[in-house]
Structure formats: structure tokens, C-alpha cells
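The following note collects points on the fold, the helix packing and the nonpolar cores of the model. Please read each point beside the coordinates.

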Amino acid sequence: MNEKIILGVTGSIACYKAPFVLRELVRRGFRVPVVMTRSATRFVGRVTFDALTDEGVYDSLWSRRETLSHVALLDGTSAILVAPATANIIAKAAAGIADDLLSSLLLAADPGSIIYAPAMNKGMWNNPATRGNVGKLRKRGSGFVEPASGELASGAIGKGRLAEIDEIALAAERAVRMDRILADKKIVITCGRTEEEIDPVRVITNRSSGLMGISLARAFSRLGADVRLIAGRVNVTLPSGVKVQSAFSASAMLDELGKQMPEADALIMAAAIADYSPLDYSEEKIKEDELTLKLKKTPDILTSLNSRRPVRIGFSVEAGEDWTRTAERKLADKSLDVIVANPARVIAAEETQAAIIFASGRRIISRAMTKDMLSRKLVEITRNLIQERNG
């Protein structure tokens with residue numbers, strides 16, 4: 001943590017979003033000096049950035065305080081993120097022009113440490129000159145967070161909008177914190193709750209907010225893993241920058257996992273799969289005063305997916321005093337490497353208290369912690385298991 005990322009800000013109408021990018025980078029634990037072009041200062045004043053960073057805001061190559069700052073600023077820098085990046089700064093970087101502080105930094109830095117988040121009119125983005133400049137920078141090793149499609153400042157519809165803040169920050173974080181063991185490893189995670197339909201308006205389900213699985217997806221993605229999140233119903237925002245596939249029933253979850261698992265390096269089953277489904281489905285809304293349901297067990301997903309053995313981590317949530325003993329039985333029955341046992345009171349809570357039980361018999365009994373903290377611990381455990389398995 002505490003790595004240094006320089007945020008370069010250029011004169012796009014999307015410049016007003018740059019303070020949000022800065023705030024998100026700081027929230028993720030980075031030190032972030034800001035380098036603004038003269039055009040950028042016409043959109044957002046440097047005082048706005050000064051309020052959000054303790055690392056300084058720079059906008060001139062020639063002021064006394066900043067003489068040779070293009071050299072000094074690079075000391076200890078892990079990456080340069082240009083957001084928003086105009087067609088102009090992309091062209092200057094491609095041509096090796098260094099006529100202000102930011103372009104001088106880009107020329108002096110390792111191209112592989114630079115990430116551009118373009119924002120411009122769709123005609124400028126699609127222009128062959130811009131496409132050629134982007135191609136040149138990519139060949140040198142620089143990264144790009146592709147602009148989004150939608151309504152642009154001009155009112156036109158097309159590609160050119162600045163990407164989402166989380167997506168930009170995630171790209172920068174991945175570039176800096178890439179883990180050599182987890183890089184590009186396929187991690188399949190399930191989250192949320194599945195539902196089994198009784199009639200067109202009613203379902204049987206288990207309680208789950210989806211927060212644990214989503215925290216895991218974010219934690220793995222930050223370290224460069226190729227995360228595939230299979231989501232049931234959730235109460236929290238799904239993460240950006242992660243491939244998400246919806247699966248709202250136990251059978252849909254099993255089908256999707258069947259597609260993802262052949263190449264998976266790890267499976268983490270954090271979803272609350274409904275244990276039962278109605279034996280009969282009513283096409284009409286049931287209106288009887290009394291209702292008796294006949295239920296059948298839903299497929300046991302982990303047992304069904306036992307044909308190939310990636311690292312397998314499951315969750316167990318039980319009420320009463322016996323919640324860890326039940327987890328131990330599931331650990332053996334479902335051929336898991338690790339099971340995370342939780343008492344039922346943690347459902348939908350921001351904090352959890354878990355017993356992490358390994359197939360080897362080892363146990364880690366955690367104190368109360370946030371689900372983000374538990375996610376980081378499980379990432380470390382998964383990383384170590386993948387490393388052991390790959391020799």
C-alpha cells in the first residue's frame with residue numbers, strides 16, 4: 001500500500017470527473033500528486049485537487065518551485081494515469097513532444113507505466129490519426145481504459161465518454177499491484193441468492209445481500225486475476241471492471257458454472273443457493289387462503305462440479321451453537337480445500353466473524369472484521385493454494 005500514482009489531467013469537458021478519480025485512488029491507498037495541463041485549469045481549478053491530495057498539484061514546467069519537477073516527480077512513481085486523456089495529449093505522447101509538464105513526464109517515464117483514459121468527441125476518437133496514435137502507444141506498452149459509448153457533451157451519441165470512475169481506478173490499481181501468482185488466473189466466484197419460483201410473483205430463497213462475493217471479486221481483480229462473477233439476486237452494487245453473469249436459480253447457477261469451470265484455477269462459492277424448489281409451478285398467481293407446498297431438493301452444485309479440481313472454497317452459514325461442526329462435514333462431503341464457516345447473524349451485515357477451516361485440519365478463527373478484510377485474507381489463502389498446486 002501507499003504506492004505513488006501521478007494523475008495527469010488534461011483539458012477535456014470530462015475534466016470535472018477527474019477529482020472523483022483522484023478521490024477513488026486516495027481511497028484505495030495511493031499517494032497521488034496531480035499534474036494539470038493549462039487547458040485543464042480552465043475547466044477545474046487546482047484548489048479543487050489541492051483539497052483532495054496531500055501530494056501537491058503541479059501545472060507548470062517553468063515556475064521556480066517546479067523547475068525540473070518532471071524529473072523529481074517520477075522518483076518513486078509506480079504509474080502515471082492520464083484521466084481524462086484528450087486526443088491532443090495522446091498525439092503528443094505518440095510523437096514524443098514535450099512542451100509542458102505533463103507531456104515531459106510522459107516522455108521521461110517508462111511507457112509501460114502509463115495508462116490513458118481517453119475522453120473526447122466520437123469523431124476525434126474514431127479519426128485515423130487518433131487510432132494510429134493509440135496503436136503506437138499500445139505497442140510501446142502503455143495501457144488504455146477504453147472510453148464508453150453514450151451521449152457525449154455535444155449531444156451526439158457514440159464512443160468517447162470517459163469510462164466509469166471505478167473502472168479507471170481499478171485499471172491503475174491492477175497495473176501497480178499485479179500479483180505474479182494471481183495474474184490472469186481465472187477465479188470463478190458466486191454471490192447473492194438464488195430464487196425458486198412458486199408462481200409468477202412468489203419465490204423461495206435464502207437470505208444473502210451478495211456483499212461477501214462482491215468483496216471477493218473486487219479483491220481478486222485488484223491483483224490482476226481474471227474474475228468471473230456469477231451473481232444471483234443481490235442488494236448491493238455489482239463491481240465494475242469484472243465480468244458478471246446473472247444466474248437467478250440453482251439450475252441456472254449450475255449451468256453457468258459448468259461453462260466457466262473447465263478453465264478455472266479457483267472456485268469460491270459465496271452464493272446462498274436455495275436448498276429447495278417447488279415440485280409444481282403455478283402459471284397463475286396462487287390465491288388460496290391456505291397453501292401447502294411440496295418441495296424438492298435443488299441440485300448440489302459443488303458435488304455436481306467435482307469432475308475437475310481447481311482450488312475449491314465454500315461457505316457455510318448455520319444457526320445455533322453447532323455452526324462450525326456442520327461446516328466440517330460440508331468440507332469433507334463436498335471435497336473442498338477450505339470452508340468458511342459463519343454464524344447466521346452475519347447475513348447482510350457489514351462485519352463478519354468466520355472460522356476458516358482447511359482440509360488439512362488447520363483452523364483460523366477470525367475476530368470480528370469487515371467483509372473486505374475477510375476477502376483479503378481469502379485472496380491470500382487462495383493465492384497460496386494455487387501456488388502450491390502449480391508447484
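In which helix is L385 found? L385 is found in helix α14, where helices (H or I, at least four residues) and strands (E, at least two) are DSSP runs numbered from the N terminus.

1. Basis of the note. This is a predicted model, in which local features need pLDDT of at least 70 and side-chain atom pairs count only at pLDDT 80 or more, while totals for chains, interfaces and linings use all residues. Residues are numbered from 1 along each chain as its sequence is written, and side-chain values use heavy atoms, with hydrogens and water left out.

2. Overall fold. The protein chain has 14 helices and 22 strands, and its C-alpha trace spans about 75 × 50 × 35 Å along the principal axes. Of its 391 residues, 50% count as buried (under 20% relative accessible area, with exposed over 50% and partly exposed in between; 1.4 Å probe, protein chains only). Among contacts (heavy atoms within 4.5 Å) with a separation of 6 or more, 66% join residues 24 or more positions apart.

3. Surroundings of L385. L385 counts as buried because its relative accessibility is 14%. Leaving out residues up to four places away in sequence, L385 touches V311, D337 and V338. The C-alpha atoms of L385 and P310 are separated by 9.7 Å, although these residues are 75 apart along the chain.

4. Surroundings of T382. Helix α14 also contains T382, which counts as buried because its relative accessibility is 0%. With residues up to four places away in sequence not counted, T382 touches F220, A266, I268, V311 and I313.

5. Packing of α10 on α14. Helix α10 (residues 211-222) and helix α14 (residues 371-389) pack at an angle of about 55°, with axes 9 Å apart; axes are lines fitted to C-alpha atoms, for helices over the stretch in contact, and angles run from 0 to 180 degrees between N-to-C directions. α10 is therefore oblique to α14 (angles under 35 degrees count as roughly parallel, over 145 as roughly antiparallel, 65 to 115 as roughly perpendicular and the rest as oblique). From α10, L211, M212, S215, L216, A219 and F220 meet K371, D372, L374, S375, L378, V379 and T382 of α14. The residues of this contact divide into eight nonpolar, three polar and two charged.

6. Packing of α1 on α9. The axes of helix α1 (residues 18-27) and helix α9 (residues 165-177) come within 9 Å and cross at roughly 50°. α1 and α9 are therefore oblique to each other. The contact is made by F20, V21, E24 and L25 of α1 with I165, D166, I168, A169 and A172 of α9. By class, it has seven nonpolar, no polar and two charged residues.

7. Nonpolar cores. A nonpolar core is a set of buried Ala, Val, Leu, Ile, Met, Phe, Trp, Tyr and Cys residues joined through side-chain atoms within 4.5 Å. The largest has 35 residues, and those with the most contacts inside it are I189, L216 and F220. Among the elements that give two or more residues to this core are β9 (186-191), α10, β17 (311-318) and α14. I189 touches G213, L216, A217, F220, V227, R228, L229, I230 and I268, not counting residues up to four places away in sequence. Apart from this core lies another, of 31 residues, including V9, L22, V34 and V44.

Definitions and conventions: Nonpolar A, V, L, I, M, F, W, Y, C, P; charged D, E, K, R; others polar.
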